[in-house]
Amino acid sequence: MADARPMPAADWKQSVVYQIYPRSFCDSNGDGVGDLPGITSRLDYLKALGVDVVWLSPVYRSPNDDNGYDISDYRAIMDEFGTMADFDTMLAGMHARGIRLMMDLVVNHTSDEHPWFQQARQSRDNPYHDYYIWRDMPADSSLPNNWEAAFSGSVWEPNPATGEYYLHMFSKKQPDLNWENPKVRQEVYALMRFWLDKGVDGFRMDVINMISKPAGLPDAPVIRAGHLQPSFGMVTNGPRLLEFLREMKAQVLDHYETLTVGEAPLATIQQGQDITNVYTGALNMLFQFEHMDLDAIPGDGRGKWALKPLALTDLKASMSRWQDALWQTGWNSLYLSNHDQPRPVSRWGDDGVYRVASAKMLATFLHGLQGTPYVYQGEELGMTNVRFARIEDYRDIETLNMYREAVQDRHEAPAEVLARIHVKSRDNARTPMQWDATAHGGFTTGTPWMQTNPNHTEVNAAQARDDADSVWHYYRRLIALRKQLPVLVEGRYALLQPEDPNVYAYIRTLGDEVLLVVCNFTPREQVFVLPPNVAFEQQQLLIANYVVNAADSVRACTLRPFEARMLVLR
Ligand code: GLC
Ligand code: CA
């Protein structure tokens, strides 16, 4: 059953990971919610796409305040998603197809409905009290510090039974665990072993760089006078972070063949190097956020909602810094999308006339880089953002809380707030997977928990698999190339023309083989001239999103709107 280990650990550098957001992937029983049997029924689809690893967003028991990122039992499957037997069947089905499974490990916080917290909140001398982070509540109820939670409001929630506040970096139903307590760490290691012993192949670790909190929890710098202040910067690089991760590695990860990726908001290059260092680090790779933050105004208290267009030169500078910094000693994860981000084709491509071309261009740009590419469900179809006209159609707690604060507390115009939601809401990524052109995109036979994007009649997997020129077939070919070309895995990255605001071009070099990637990020034609120091005699086109004439030299050419080419130069 679940014992076949399809791939030796060293091969993960050639892997492509596919992320499944189970609530929105495939509903097998018509209750409108995606589930584990639904995933099992689509494994052949993943196999055909050619991915090696699945990252499965949380499927544990949860009251779903934050769609499973609030866990009340780490060893049970959420009722809506199925049973443990369904899980075992799914895992065996993946392994039988040579696909490995990375579970989501959410251990910066639990649900407030977790039995540990239920105990902890009862009294100060409860044995579980020290599993969480508390501060006395003074008579005037003043807050222990000025930190704002990720989903709006203070990070401090009163607990009348003990006369204290507890800390929650996310929603008030997600109390932060106290990692200073060795018992908490042992609980985490034990639950990791539980899943590894079942045969899972690794973990994606939720906000893992937030587990070590600074002593004294001092105030955050004031950006907006008279408000609570953004607080992530205070906790994403705590004093014991590396120590905790190394302990986890020594006590758990070293005893299994695992693949690990840590989610790390605000990660610095230094943190990336420290954590992914093959000799002294702890995890295989990190999700850093630098590129995801480039289209928000820095230092603005509104965070990601302070919209600003992407400058391609910023993207080049950021990606290139990470490519260089982790060269040979660490490893990058490569992503443009996941369940927390808008759809890349709407964000940095064009989801109108050039939807197909720009989705392929963005994929070429990402899959040519060094690191492990991640494909988020629907990205391989060029799925787009959704633009619901009514706030009632949104489900995401971050979106709903932001809307409420902006409209009710700050009296902003609802239409303006909705316009920002259309650009940045996490629900853009969470509308149901579009399998075919039938009702609800074939996701469910019932009423989906969130409405399907109306463009499912055009944008769907059935159409894409029938069309040789689709985004889906393009992804399939890109994924296959990674297995065929060592230069894609090992080649050293170098950016070309850092100042060009329209075309992103780079090379990867391995021995005398040079891989060239050229991407036009605009809806206009652009002239591209290769710098003369890139010497070659022959060019071989590997993949492109337009028909390229064999006589058309990449030395100097005109790129069509969102044109992308990947070539080998010899
Ligand atoms: C991570 C998850 C996100 C979740 C948050 C709190 O950022 O990706 O979906 O809301 O952590 O667990
Ligand atoms: Ca279901």
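Biologist: Why does Cys-26 count as buried?

Modeller: Cys-26 has a relative accessibility of 5%. Buried means under 20% relative accessible area, exposed means over 50%, and partly exposed lies in between, with a 1.4 Å probe and protein chains only. Cys-26 therefore counts as buried, since 5% falls under 20%.

Biologist: What conventions apply to the model?

Modeller: The model is predicted, so local features need pLDDT of at least 70 and side-chain atom pairs count only at pLDDT 80 or more, whereas totals for chains, interfaces and linings use all residues. Residues are numbered from 1 along each chain as its sequence is written, chains are lettered from A and ligands numbered from 1 in the order in which they are written, and side-chain values use heavy atoms, without hydrogens or water.

Biologist: What makes Asp-104 and Arg-204 a salt bridge?

Modeller: The term requires a side-chain nitrogen of Lys or Arg within 4 Å of a carboxyl oxygen of Asp or Glu. The closest N and O atoms of Asp-104 and Arg-204 are 2.9 Å apart, so the pair qualifies. This pair links distant parts of the chain, from strand E5 (residues 100–105) to strand E10 (residues 202–205), 100 residues apart; helices (H or I, at least four residues) and strands (E, at least two) are DSSP runs, numbered from the N terminus. Both partners are buried: Asp-104 has a relative accessibility of 0% and Arg-204 a relative accessible area of 1%.

Biologist: Which parts does the pair of Arg-426 and Glu-398 tie together?

Modeller: The two side chains meet in a salt bridge at 3.7 Å, N to O. Arg-426 lies in the loop between helix H13 (414–424) and helix H14 (427–430), and Glu-398 in helix H12 (residues 397–409), so the pair ties together parts that are 28 residues apart in sequence. Arg-426 and Glu-398 are buried. Salt bridges that share partners join Asp-66, Lys-304, Asp-340, Asp-396, Glu-398, Arg-426 and Arg-430 into one network. The whole structure has 39 salt bridges.

Biologist: Why does the radius of gyration of the protein agree with a compact globule?

Modeller: The radius of gyration is taken over C-alpha atoms, and the globule rule is 2.2 Å times the number of residues to the power 0.38. For 570 residues a compact globule would have a value near 25 Å, and the protein has 24 Å, which agrees. Of the 570 residues, 60% count as buried. The protein has 17 helices and 22 strands.
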